[in-house]
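Let's take a walk through a protein model together. Have the picture open as you read.

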Amino acid sequence: MSRPPVPWDFDYEVAAEVLKEHVSMEDLANKYCREVRFFRSPTFTHSCKCPSRRHKGGFEKKSSFFFSEEGKFYKCFACQIHGDIFDFISLLEGTSRFESIYEIYCANGSGELPTTTRISNKEFSDTKLKKELELSSRIRDLLQSYKGKPQYPWLCTWANSVFIRMDETFSKIPNGEISRILSSYNQFNIEILRKVEEL
Ligand SMILES: [Zn+2]
């Protein structure tokens, strides 16, 4: 099943902060890991078998994987992987951090997505930015629809050249409010680049 693309204005930083308050690392571990147990230490609250497929194919015999329910981070002392709840989802679902935050938010959030648009609609419609962002959204949809087809590598190369031009456009907009939009937009670009690297 292919995932719907992450909206360009999804404010992943705000979403990550909200989720860190509400998502339980223990619930995630119970979903993905074997033998989750309490473990009292100054740093960690639980141990379990490491779920990484790169670690003994996901079937390690010892429990080298530790996590903190309060701190929402993990570490495997055998294969050295470590990170927070979003890295954990990325590790197990093969998604990027950006996509992981989006997916957990859609699964746990209460409806509305946090968005980066902090300027008024009038201001926003007046900027070239809006057109560029709509275009980038369409490019993303286009890339999705061509995935696996022979034209896909060529389209990715073309998309990157468009994104470079957009970056130049954005760098000329002297508006502090736009920086948050750019933060998401840059993440969006990184996603495209990552997909190209996967080819
Ligand atoms: Zn491991």
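Below we go through the sheet and then some helices.

Before we start, note that this is a predicted model: local features need pLDDT of at least 70, side-chain atom pairs count only at pLDDT 80 or more, and totals for chains, interfaces and linings use all residues. Residues are numbered from 1 along each chain as its sequence is written.

Helices (H or I, at least four residues) and strands (E, at least two) are DSSP runs, numbered from the N terminus. Strands of a sheet pair through backbone hydrogen bonds, either parallel or antiparallel. Here, 5 strands make an open sheet in the order β1-β2-β3-β4-β5, with antiparallel pairing; two strands count as paired if DSSP finds at least two bridges between them. β1 (37-38) and β5 (82-84) sit at the edges with a single partner strand each, so one side of each has no neighbour in the sheet.

Now look at β3 (residues 65-68) and β4 (residues 73-76), which pair in the antiparallel sense over 4 bridges. Phe-66 stands opposite Lys-75 in β4.

On to helix α1 (residues 12-22): which of its residues are buried? They're Tyr-12, Ala-15, Ala-16 and Leu-19 (buried means 20 or more other C-beta atoms within 10 Å of a residue's own, exposed means 12 or fewer, and partly exposed is in between, with C-beta atoms placed from the backbone). The face of α1 turned away from this buried side carries the exposed Glu-17 and Glu-21.

Finally, in α4, Phe-98, Glu-99, Ser-100, Ile-101, Tyr-102, Ile-104 and Tyr-105 are buried.
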